[in-house]
Amino acid sequence: MEIFSIIMILFLIGSAIAVSAIKNLLGAIIAFTVYSLVMAILWQQLNAPDLAITEAAVGAGITTLLFIFTLKKN
Amino acid sequence: MKNTILKEVSKIVIPFIQIFSIYIIFHGHLSPGGGFAGGTIFGASLILYRIVYGKGDAQKKISYKRLMHLMCISLIFYGVLKGYGFITGGSYIDLFEIPLGTPGRILSGGYILPLNIAVGIVVAMVMYLFFTLFYEGEV
């Protein structure tokens, strides 16, 4: 495995731990977006560009929007 | 939202997002992508329009009635075409079949291209519907 993928996996693990550890809700949402973006890069590294497009659009785009607008309502 | 910079920039950016999503949908059987990915990007452009221009302008373009009509028509179209493919595919009934073009062209996938277009329309409308339900509670 390339060195770039290992660095990305370390980022992935760090952001996944940060989502559950951060007490502030907006910070947790931003960490979740970082998780999703790193996951999209990893799908592309694993030769699955189809999933990378879908992950970047759904995970990093629309899920974040839905979370933030739900948080803003409270 | 009253922000001139945001309105002017999104006026330029939104057509490019929609062209890109249509490209992804139409090349779904040749390159990575397909109905779901392209439809999601198209839904994201509709969401951007809704956020920037507000409720009134968005309801003129995409009213609830038009949204439901598009979604139901493409869903019925998907069901009919897929069922027709199932019936004619495996059995020995000599019904009409879509001609297969030369490989590598856009019109070469048989039923895949119209099915991808139907899936893209349904996914885009559902993303917009979810967003408006979360944002303001009504379409």
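The model is a predicted one.

**Chain B: overall form**

- Read along the sequence, the elements of chain B follow the pattern α-α-α-α.
- The C-alpha trace of chain B spans about 60 × 30 × 20 Å along its principal axes.
- Of the 139 residues in chain B, 35% are buried.
- Among contacts in chain B between residues at least 6 apart in sequence, 70% join residues at least 24 apart.

**Interface of chain B and chain A**

- Chain B contributes 15 residues to the contact, and chain A contributes twelve residues.
- Helix 2 (35–61) and helix 4 (112–135) of chain B are the elements that give two or more residues to the side touching chain A.
- By residue class, the side of chain B that touches chain A divides into 13 nonpolar, two polar and no charged residues.

**Nonpolar cores**

- The largest nonpolar core has 14 residues, of which Tyr49(B), Ile62(B), Leu67(B), Tyr128(B) and Val139(B) touch the most other members.
- At least two residues of this core come from each of helix 2, helix 3 (64–90) and helix 4 of chain B.
- Helix 2 of chain B gives the most to this core, namely five residues.
- Apart from this core lies another, of eight residues, including Ile62(A) and Phe69(A) from chain A as well as Ile51(B) and Phe131(B) from chain B.
- When neighbours within four places in sequence are left aside, Tyr49(B) is in contact with Ile14(B), Gly54(B), Asp57(B), Ala58(B) and Lys61(B).

**Salt bridges**

- Glu8(B) and Lys11(B) are separated by about one helical turn because they lie three residues apart in helix 1 (residues 4–26) of chain B.
- Glu8(B) counts as partly exposed at 41% relative accessibility, and Lys11(B) is also partly exposed, with a relative accessible area of 49%.
- In another salt bridge, the side chains of Arg50(B) and Glu136(B) meet at 2.4 Å, N to O.
- This pair links distant parts of the chain, with Arg50(B) in helix 2 of chain B and Glu136(B) in the segment after helix 4, 86 residues apart.
- Arg50(B) counts as buried, at 1% relative accessibility, whereas Glu136(B) counts as partly exposed, at 36%.

**Leu30(B)**

- Leu30(B) is placed in the loop between helix 1 and helix 2 of chain B.
- Its relative accessibility is 37%, so Leu30(B) counts as partly exposed.
- Residues up to four places away in sequence not being counted, Leu30(B) touches Gly104(B), Arg105(B), Ile106(B) and Ser108(B).
- The C-alpha atoms of Leu30(B) and Ile76(B) are separated by 25 Å, the two residues being 46 residues apart along the chain.

**Ser5(A)**

- In chain A, Ser5(A) has its place in helix 1 (residues 3–21).
- Ser5(A) has a relative accessible area of 8% and is therefore buried, the cut-off for buried being under 20%.
- Not counting residues up to four places away in sequence, Ser5(A) touches Leu42(A) and Gln45(A).

Terms used: Residues numbered from 1 in each chain as written. Chains lettered and ligands numbered in written order. Predicted model: local features only at pLDDT ≥ 70, side-chain atom pairs only at ≥ 80, totals over all residues. Heavy atoms only, no water. Contact = heavy atoms within 4.5 Å. Helix = DSSP H or I, 4+ residues; strand = E, 2+ residues; numbered from the N terminus. Nonpolar A, V, L, I, M, F, W, Y, C, P; charged D, E, K, R; others polar. Core = buried A, V, L, I, M, F, W, Y, C linked by side-chain atoms within 4.5 Å. Buried < 20%, exposed > 50% of the residue type's maximum accessible area, 1.4 Å probe, protein only. Salt bridge = Lys/Arg side-chain N within 4 Å of Asp/Glu carboxyl O.
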